[in-house]
Amino acid sequence: MSPAAKRRKAALAALGVLLLAAVGGYGQELRRYEETVLLAADGSAAVRIVLEFRRGGGPLLLSVRSAALRDVRAKGVELLAPRPVEKGGNHFLALAPPAGAAAAEVAFTVDGYFRAGGRPGPFNTRKLEYRFVNVSFAAVERFSVDLVLPPGRVFNALGRFVPEPERQGMVIPFAIVRRDGRLAGRIVLEGLGLGDEVALECTTRPARRSRWLLLALAALALAYLVFFRDVLRERRSGRSGG
């Protein structure tokens with residue numbers, strides 16, 4: 001791990017300690033953090049987070065992407081505020097699990113999870129980003145997230161991924177799977193500590209290439225064949241003339 005990465009992790013851990021000390025939640029340990037992000041074509045996303053507690057504590061702050069949440073629902077846990085609270089430029093849902101709670105579930109919709117409008121990249125690609133920083137739990141035994149693409153879209157290229165492999169040749173814990181007929185990017189990690197970060201930057205594209213793009217590629221291929229044929233003719237005529 002580079003010195004800059006170590007400093008960033010230490011800063012995140014310090015932020016987590018301050019946040020959790022403020023709400024009395026430091027000490028929460030999870031057996032499982034499971035997040036499902038159903039992405040829609042308009043750029044919004046339906047998010048569902050399942051928490052399975054290993055050791056409970058007091059109230060906790062659950063990190064969320066932004067303040068633009070709607071239809072927030074909770075099961076097995078009390079929402080202390082209907083809207084996310086902001087601390088240090090980050091947004092959190094304030095939760096209070098009942099004493100001895102074994103599991104909880106939080107669901108909400110996020111507008112503008114990724115940019116659906118505007119000018120797309122080459123071949124109608126769209127950029128998709130995911131980031132989770134553990135500033136809420138002392139430990140997470142098993143972390144998993146499924147980023148389910150909108151219907152008709154596929155993964156195009158994988159960019160930044162955190163945590164980075166410690167040595168060359170290590171397999172990145174990211175897989176592309178099918179979920180309810182749609183492609184999903186799945187990240188599974190074990191043993192996240194306070195301050196640990198999970199991040200993914202990638203691009204997606206339509207499953208079917210544009211008809212005009214295919215026609216353009218076919219025209220280029222035909223032009224190349226014609227050019228190649230003419231070159232062969234010239235070479236043959238040059239040989240016969242010699």
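Student: Which residue forms a salt bridge with Asp146?

Tutor: In this predicted model, the partner of Asp146 is Arg186, with the closest N and O atoms 2.8 Å apart. The pair links distant parts of the chain, since Arg186 belongs to strand β13 (residues 182–193) and Asp146 to strand β10 (residues 139–148), 40 residues apart.

Student: Is Asp146 buried or exposed?

Tutor: Asp146 has a relative accessible area of 5%, under the 20% limit, so it is buried. Arg186, at 32%, counts as partly exposed.

Student: What about Glu29, with which side chain does it meet in a salt bridge?

Tutor: Glu29 meets Arg54, at 2.7 Å from N to O. Glu29 lies in strand β1 (residues 29–39) and Arg54 in strand β2, so this contact ties together parts that are 25 residues apart in sequence. Glu29 counts as buried at 13% relative accessibility, whereas Arg54 is partly exposed at 44%.

Student: How many salt bridges does the count come to?

Tutor: The count comes to 14.

Student: Changing topic: which residues touch the most other members of the largest nonpolar core?

Tutor: They are Tyr33, Leu62, Phe108, Tyr113, Tyr130 and Phe143, in a core of 42 residues. Strand β2 (residues 45–55) gives the most to this core, with 5 residues.

Student: And the open sheet, in what order do its 3 strands come?

Tutor: The order is β9-β14-β11, with antiparallel pairing. β9 (126–133) and β11 (153–162) each have a single partner strand, so one side of each is left without a neighbour in the sheet.

Student: Over how many bridges do β11 and β14 pair?

Tutor: They pair over 7 bridges, and Phe161 has Leu200 in β14 as its bridge partner.

Methods: Residues numbered from 1 in each chain as written. Predicted model: local features only at pLDDT ≥ 70, side-chain atom pairs only at ≥ 80, totals over all residues. Heavy atoms only, no water. Pairing = 2+ DSSP bridges. Helix = DSSP H or I, 4+ residues; strand = E, 2+ residues; numbered from the N terminus. Core = buried A, V, L, I, M, F, W, Y, C linked by side-chain atoms within 4.5 Å. Buried < 20%, exposed > 50% of the residue type's maximum accessible area, 1.4 Å probe, protein only. Salt bridge = Lys/Arg side-chain N within 4 Å of Asp/Glu carboxyl O.
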